[in-house]
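Trainee: I would like to learn how to read a structure like this one. Please take me through it feature by feature.

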Amino acid sequence: MALEAVLRHPRIWRGNALAGGVPAVPTGFAELDAVLPGGGWPCGALTELLVPARGIGELGLLMPALARLTCAGKRVVWLAPPHLPYAPALAAAGIDLPHLALVRAAGRRDALWAAEQALRAGSCYALLAWLPTPGYQHLRRLAVAAEASRAFLALFRPPQAAAESSPACLRLALEPAEGGLQVRVLKRRGAPLAAPLLLPVKRPFHALGRAALSRPFARDARAARGLGLPVHA
């Protein structure tokens with residue numbers, strides 16, 4: 001009986017099966033939900049999306065979940081995106097803009113601190129982060145902060161990161177493909193997934209505009225607020 005109780009714990013799973021009892025946000029893609037523990041993006045955990053280039057559909061993959069959260073009045077935070085988010089495209093994808101916050105960070109140290117604060121605040125239900133070359137110790141700090149939260153944490157990284165160790169519970173490698181986006185599940189809480197998925201994700205998805213956030217922040221903040229996005233330094 002004691003062993004059965006242990007095996008029912010959400011952090012324990014058999015090697016030939018998906019973990020059960022994992023809180024998750026449905027991705028909006030039935031094929032992807034079917035192969036993810038909990039049936040969606042894992043909450044209280046770190047997810048890595050390995051992307052070879054920007055604009056291949058990586059944001060379109062996340063839009064259904066973000067729309068679900070913001071329309072339910074739950075806060076979503078974008079941390080240090082490489083370009084200014086394009087509010088009309090986000091609104092067209094179903095995002096309720098008053099519940100989307102944009103946080104700018106000057107460097108990796110500030111971005112890591114901001115990510116931890118957002119996760120520990122208790123009011124963030126999804127955090128999308130673009131961090132420059134995080135090391136394992138940085139990833140571990142993010143994973144620990146995510147575990148203490150109820151948020152879905154997605155970190156965008158280059159494909160080369162697949163060769164590095166990571167505390168992420170879910171790692172997906174994304175590739176553009178005819179008809180959508182090819183998704184390979186590199187790591188999940190459960191048995192490996194041999195075959196990639198082809199998801200009907202629109203690409204390019206123009207959620208990020210051409211304005212880089214490396215410009216003076218005051219000008220970027222005015223532009224973002226003019227589009228209805230809350231912006232924080």
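The dialogue below goes from the whole chain to single residues.

Mentor: A word on the source comes before the features. This is a predicted model, in which local features need pLDDT of at least 70 and side-chain atom pairs count only at pLDDT 80 or more, while totals for chains, interfaces and linings use all residues. Residues are numbered from 1 along each chain as its sequence is written, and side-chain values use heavy atoms, with hydrogens and water left out.

Trainee: How many helices and strands are in the chain?

Mentor: Helices (H or I, at least four residues) and strands (E, at least two) are DSSP runs, numbered from the N terminus. The chain has seven helices and 13 strands.

Trainee: What share of the residues counts as buried?

Mentor: Buried means under 20% relative accessible area, exposed means over 50%, and partly exposed is in between (1.4 Å probe, protein chains only). Of the 233 residues here, 51% count as buried. Accessible areas come from the Shrake-Rupley method with a 1.4 Å probe, and for residues only the protein chains shown count as cover. The chain's accessible surface comes to about 11,000 Å², and carbon and sulfur atoms hold 56% of it.

Trainee: Which residues have the most contacts inside the largest nonpolar core?

Mentor: A nonpolar core is a set of buried Ala, Val, Leu, Ile, Met, Phe, Trp, Tyr and Cys residues joined through side-chain atoms within 4.5 Å. The largest one has 47 residues, and L32, W41 and W78 have the most contacts inside it. Helix α3 (residues 58-71) gives the most to this core, with eight residues. Apart from this core lies another, of 25 residues, including L155 and A168.

Trainee: What does L32 touch?

Mentor: Contact means heavy atoms within 4.5 Å. Not counting residues up to four places away in sequence, L32 touches T27, W41, L61, V183, L197 and L199. For the chain, take the contacts with a separation of 6 or more: residues 24 or more positions apart account for 68% of them.

Trainee: How do I read a helix such as α6?

Mentor: Start with its span, which is expected to be 1.5 Å times one less than the number of residues. Helix α6 (residues 136-147) has twelve residues and reaches 16 Å from its first C-alpha to its last, close to the 16 Å expected. Then look at which residues are covered: H138, L139, L142, A143, A145 and A146 are buried in α6. Seen down the axis of α6, the buried residues fall within an arc of 165°, so they line one face of the helix. The arc is that of the directions from the helix axis to the C-beta atoms. The general idea is that an α-helix has 3.6 residues a turn, so residues three or four places apart point the same way.

Trainee: What do the buried residues of α6 pack against?

Mentor: They pack against β3, α5 (108-120) and β8 (152-157). The buried residues of α5 in turn pack against β4, β6 (100-103), β7, α6 and β8. Among the buried residues of α5 are A111, A114 and E116. After α5 comes G122, with a positive phi near 90°.

Trainee: Which residues have a positive phi although they are not glycine?

Mentor: Most residues other than glycine have a negative phi. A80 has a positive phi of about 55°, and T133 has one of about 40°. A80 sits in the loop between β4 (75-79) and β5 (83-85), whereas T133 lies in the loop between β7 (124-130) and α6.

Trainee: Is each of these two buried or exposed?

Mentor: A80 counts as buried, at 17% relative accessibility. T133 is exposed, with a relative accessible area of 66%.

Trainee: Where does E48 lie, and what does its side chain contact?

Mentor: E48 lies in strand β3 (residues 45-50) and is buried, with a relative accessible area of 0%. A polar contact is a pair of N or O atoms within 3.5 Å; within protein, one must be able to donate a hydrogen and the other to accept it, and residues adjacent in sequence count only if both atoms are side-chain atoms. The side chain of E48 makes such a contact with the side chain of S166, at 2.7 Å. Leaving aside neighbours within four places in sequence, the residues in contact with E48 include L139, L155, R157 and A168.
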